[in-house]
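Colleague: I would like a close look at a single part of this model. Please keep the account to what can be computed from the atoms.

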Amino acid sequence: MSEPGSPRRQPRPLIVPFRRLAQANVAVVTGLSVVSALVLGAVLIVVTTPSVLHVLGHIGSHPGRALGLTGASVGDAYWAMFSGAIVSPSALGHVLSTGHGWVTLFTPLSETLVAATPLVLAGLGVAIGFSTGVFNIGAQGQLIAGALAALYVGFEVKLPIGIHAPLVVLAGAAGGAAAGFVPGILKARTGAHEVITTIMFNYVMLNLLDYLLSVSPFQQPGQSNAISRTMPATARLPHLFGSGLRVNAGLLVALALVAGATWFTRRSTLGFSFRVIGLNPNAGKTAGIDARRVTVLVLTLSGALAGLAGTASLAGTDFFLSSGYGGNIGFDAITVALLGRNRPTGVLFAGLLFAALDVGGRNMQAVTGIPLDLASVSQALIVMFVATPVLVREIFRLRGSAAASLQLSTGGWGG
Amino acid sequence: MRLELAGVTKRFGSLVANDHVDLTVEPGQVHCLLGENGAGKSTLMNVLFGMLRPDEGDVLLDGEVFRPADPGEAVRRGIGMVHQHFMLVPVFSVAENVVLGFEPTHRLGVLDRRRARAEIRKLSTEFGLEVDPDATVESLPVGVQQRVEILKALHRDAQVLILDEPTAVLTPQEIDALFAIVRSLAASGRSVLFITHKLKEVLAVADQITVMRLGKVVGTTTPRESDENALASMMVGRAVELVVHKEPARPGPAVLRVRNLTVADERGALAVHGVDLEVHAGEIVALAGVQGNGQTEIVEALTGLRSVVSGSIELDGVDVTGSSPHEMLRAGIGHVPEDRQRDGLVLPMSIEDNLVLDIYERQPFARFGSRDLGAVHANALEKLQAFDIRATSVEVPVKTLSGGNQQKVVVARELSRGVKLLVASQPTRGLDVGSIEYVHRRVVEERDKGVAVLIVSSELDEVLALGDRVAVMFRGKIVGIADPSVDRETIGLMMAGSGPRADEPIGVAAGAGAPRAGQPER
């Protein structure tokens, strides 16, 4: 029997202009989620800033001053965030009046792009897994594996500039692929759930890294600290706009792979089989698609992308490894993939947004003293709003159509 | 108790699932609600049982307005429902299942088993519902499990019984037994609402018939004033052909040769036990049997989805035993799976992608690992035309299609590959009469082109209409091969296992092939 599901409540559209927007596309809901998160962030700024709370306590006697200070406090914070992440108006003024200071002008944008590069790469990897119904929670470990392989090829192989760096990148991809292959083959052969094996592999890689950082050949000679050797100049990714800006060829790799992933999912036969298995593994098997092979390939590919994320940071900006390398990138990649709805371009924009919030957040902390945690909270809130389209729909009185289709696609946790 | 629906309307968005439905079930009457899938029967039933609230109209019990807030209230007011999928706890005994939720207890809340048993015996004898109160539900045949469901409703003192498609999983003999029970329920003064889409059943059991189409009541009649053709055209809205027209088969050489095939199910129990079967070019072999007697496993073995324990499968003289699904498809097997939504289609994907689901990597749909979306699109447009698939566009997700059109997508895809053997499981399950006609015609056309066809169906009508030979399965074995001209009674008896060799138990677990409660139907 196929009667339709439960009745859906139709909220009355109070804000008329949103009605047409709402039917346009899912980007609207994502955008509105960002707005909602920033509004909640503003509330957080207010309630965590003692001076603002103090004047708000006397709002009855000095309403103008109280509201003015509140607005200024929130405005300053977000202004600092913006100018730290995109462009600083004062630097712009300086350039316009003197004709100098271009590097300072573009530093915020460069930093955002640098931060976005590994997020996008690892995010693509996680997204390819998610859209195939494979939950790779091991980007962290695969990133480290990739970075280790890249580092090894970096300091161990002597090659001229122009050949060395590409080889390092390939080595990084191979290292990550190897780390993804293991959970893949375990799942295909024994049915071990990839969520468990990839998470465990993170610990293996973190500790392997710690070990390698304290022994030859990885440890920096003459150092007793757990610091690796440095990448030689030939193995580094070239800067794109001179040595003053850190943005490097890693960004090009990321952009190329966004384009490649778009082609892969839309046009390649392998990508098609991935999608089929992701959406309905039973129909896939019945149609002759080898689901086990797909599982192994997906995890290998996903690992390769995470490995590239580690390589981009290592060969682009850091040049050496230390304990806990990669920080939260492996986990942020999961959020980026979710926010980007597992689509390559979505991942690109989500990665840029997250990077901007992070880089801008640091500037906000430096300028206004509001802790960086606010940026992290905002990131989390954005994803929560996107994950609950019903809530966004209620807040903004959107029509059902756009928001209803916007469920984050992580079905099939059962494996 | 007299059950009356007065102008019941239920809308889902713009769709009107029930449009001012009027219906009265008198005490002591068996009232059949007849309609195709999607006619609004389920919605109506959910309204009656308190799972949905009507937007307009009322449900009246003995003239009094009744608005159940939840199924619990419906049960307390004397409405009993026997669902299509049983709601039983497989590992509990019959008695425990019947009293569940309304247990007779000693003081301190200890279950009074003796009283439970006594209550069940009393109800059993009163209505001819033979069942052992101490048997574990999972060990019982489906027909008996259904009796447990009915007992459950009676134990809760149901005065109105709603039976939802109760015959779907029964053998012809079990169906007759059910009809006897239904009549005795009515004779006791209870009202029975019998929901079905099968015309023969309606004529056999009903006192009153209400026919629904697209949410509306389109007519009320009685078995005496009507016949199958009249009911069918009322249900579908146009005159329909109930028989399949086909010439006698002209079988060629054997295309499929199955020798001594043994296949195990998920739990390792033998589901198919030493089956021999041949299907020749240009003939349709119908594999009949009550669901869960190994038909699913045979099909899965033939299509490479399930590994073979022993025996061999030959296709055109080539041994293909143990091949992967991919190799089986390449070898020329077309497969219309039993559950099209689960195994045949990727519902969120477009119609055009679903039409190439198992040929997506072949020319002209792909070259060097890159898909040719133009060719995929052109193929879809052509198939839409050739197979009369009703869709607004080939780019819409296949889930937006009706069941009949979804099935046509599967059939179109499988027939477009130039197959030697077509294996179709339950090819018309859940389809409307029009789509059934169409699918049957295409299958016969394939046969006439020289394709060997194996149809698996639990619908006896379909088996007899389509098959050139009928093989009957019971507990993992083929108990006999019959000519379709043989009478229904004989095939029914074979389906129930009273053919030759039927008494031999098979498998490592007792009754391995028999369907059990709490287990998915496939």
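Which residues point one way from β13(B), and which the other way?

Modeller: This is a predicted model, in which local features need pLDDT of at least 70 and side-chain atom pairs count only at pLDDT 80 or more, while totals for chains, interfaces and linings use all residues. Residues are numbered from 1 along each chain as its sequence is written, chains are lettered from A and ligands numbered from 1 in the order in which they are written, and side-chain values use heavy atoms, with hydrogens and water left out.

From β13(B), B:I284, B:A286 and B:A288 point one way, and B:V285 and B:L287 point the other way. Strands here are DSSP runs of E, at least two residues, numbered from the N terminus. Five of the five residues of β13 (residues 284-288) of chain B are buried, so the strand is largely enclosed by the rest of the structure. Buried means under 20% relative accessible area, with a 1.4 Å probe and protein chains only.

β13(B) pairs with other strands, which requires that DSSP finds at least two bridges between the two. Five bridges join β13(B) to β20 (residues 452-457) of chain B, and these two run parallel. With β21 (residues 469-474) of chain B, β13(B) pairs over four bridges, also in the parallel sense. B:A288 can be followed into both partners: B:A288 stands opposite B:S457 in β20(B), and the bridge partner of B:A288 in β21(B) is B:V472.

Notes
Buried < 20%, exposed > 50% of the residue type's maximum accessible area, 1.4 Å probe, protein only.
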